[in-house]
Amino acid sequence: MSLLTSSAFCNNVKHDELDTIEINHPNFSAHVCMQGAQLLSFKPTDKSDFLWVSDKIEYKKDRSLRGGIPICWPWFGVVDKNIDSVKANIQSQAAHGFVRTMIWQLHSLKESVNGVEISLCLESNTETLKLWPFKFKLLAHFSFSHEVTVTLETVNTDSKEMHLTQALHTYFPTTDIQATHIRGLNNVPYTDALDQWQEKQQAGKVIFDQEVDRIYQSGGPFSLNSPQQCLTLRTQNCHSTVVWNPWIKKSTTLSQFNDNDYLTMFCVESANALHDVVSIKPAQSHCLSMTLSLA
Ligand code: TA6
């Protein structure tokens with residue numbers, strides 16, 4: 001973290017067991033956890049936080065943090081719901097891959113009066129190779145100004161082609177889930193994880209009046225409308241979008257989550273999931289990118 005010693009806006013702050021980077025810039029504040037390269041907060045000055053975190057969040061090693069943008073890689077969701085070319089190589093039963101509970105390293109930092117660009121890096125090692133037999137270099141690039149862009153760059157440093165699924169599993173805040181909706185998914189096909197993974201088609205805007213867990217075949221753009229703010233979500237190289245709210249019953253089963261937290265959060269996850277497999281040849285790379293801005 002020596003890059004931080006000369007920083008004008010960034011500080012290393014320990015929360016319980018985990019190192020984090022707190023960024024206080026005139027135009028915004030942001031908070032990144034080194035475990036999982038997980039962005040936990042991005043708040044433009046005098047505006048609401050773009051992201052939600054549970055007040056039951058635990059900064060403990062080897063435990064994924066509930067909120068912000070968990071990075072799901074090199075598989076999304078439960079292993080068995082991935083297609084053979086992805087699940088054939090997985091030596092784990094954990095949901096959402098393994099990088100969100102690993103400690104990443106600070107790779108680069110650039111700052112100016114306009115904003116801050118920071119990158120974190122995770123490289124394959126003996127531990128990851130046991131879980132997934134591919135050499136890789138993974139970079140999480142964050143660009144903060146009046147908006148935020150997150151880019152997950154996968155570099156295949158192996159001698160064989162890799163096949164993976166992935167998601168930037170973003171948690172958004174709302175002051176009233178039943179007054180919240182998503183535009184941009186009308187007529188888009190989706191897989192309903194709550195109804196035997198059946199293929200369906202979205203009719204109109206997406207609302208939240210029950211548990212929702214759907215993988216849409218679209219990368220947007222979307223408008224995310226909650227009473228306190230309207231955000232625009234744009235992506236690059238993203239072919240799936242997961243919309244999730246656990247609602248009443250599932251909320252009681254989730255770690256780091258209050259029983260009534262479903263009333264103040266929703267997830268819209270920029271992904272490449274199910275059949276949207278990312279295949280990367282040796283020495284090639286792939287970037288999944290999302291940008292959040294005020295509408
Ligand atoms: O993205 C939706 C989902 O796959 C849900 O099915 C639910 O499991 C959620 O992710 C949270 O998963 P986590 O492992 O972070 O508790």
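**Notebook: the ligand site and a salt bridge**

I started with the pockets. The largest pocket is the space that the ligand takes. I note that this is a predicted model.

Next I looked up the surroundings of the ligand. Around the ligand I found Arg 66, Phe 76, His 96, Arg 100, His 169, Asp 213, Val 242, Trp 244 and Glu 269. I sorted this shell by class. It has 4 charged, 3 nonpolar and 2 polar residues.

I began with Glu 269. An N or O atom in its side chain is 2.7 Å from an oxygen atom of the ligand. Arg 100 came next. Here an N or O atom of the side chain lies 2.9 Å from a ligand oxygen. I then turned to His 169. One of its polar side-chain atoms is 3.0 Å from an oxygen atom of the ligand.

How much of the ligand does the protein bury? I read that the ligand taken alone exposes 390 Å², and that the protein buries 79% of this area.

I moved on to charged pairs. Side chains of opposite charge can pair when their charged atoms come close. I found 10 salt bridges in the structure. I picked one of them, between Lys 60 and Asp 16. Its closest N and O atoms are 2.8 Å apart.

Where do the two partners lie? I placed Lys 60 in the loop between β4 (38-44) and β5 (71-72). I placed Asp 16 in the loop between β1 (10-15) and β2 (18-25). The pair therefore ties together parts that are 44 residues apart in sequence.

Conventions: Residues numbered from 1 in each chain as written. Predicted model: local features only at pLDDT ≥ 70, side-chain atom pairs only at ≥ 80, totals over all residues. Heavy atoms only, no water. Near = heavy atom within 4 Å. Polar contact = N/O pair within 3.5 Å; in protein donor to acceptor, adjacent residues only side chain to side chain. Areas by Shrake-Rupley, 256 points an atom, 1.4 Å probe, with all protein chains shown as cover. 1 Å grid on protein atoms, 1.4 Å probe; cavity = no way out; pocket = protein on both sides within 12 Å on 5 of 7 lines; lining within 4 Å. Sits in = over half its atoms within 2 Å of the grid points. Nonpolar A, V, L, I, M, F, W, Y, C, P; charged D, E, K, R; others polar. Salt bridge = Lys/Arg side-chain N within 4 Å of Asp/Glu carboxyl O. Helix = DSSP H or I, 4+ residues; strand = E, 2+ residues; numbered from the N terminus.
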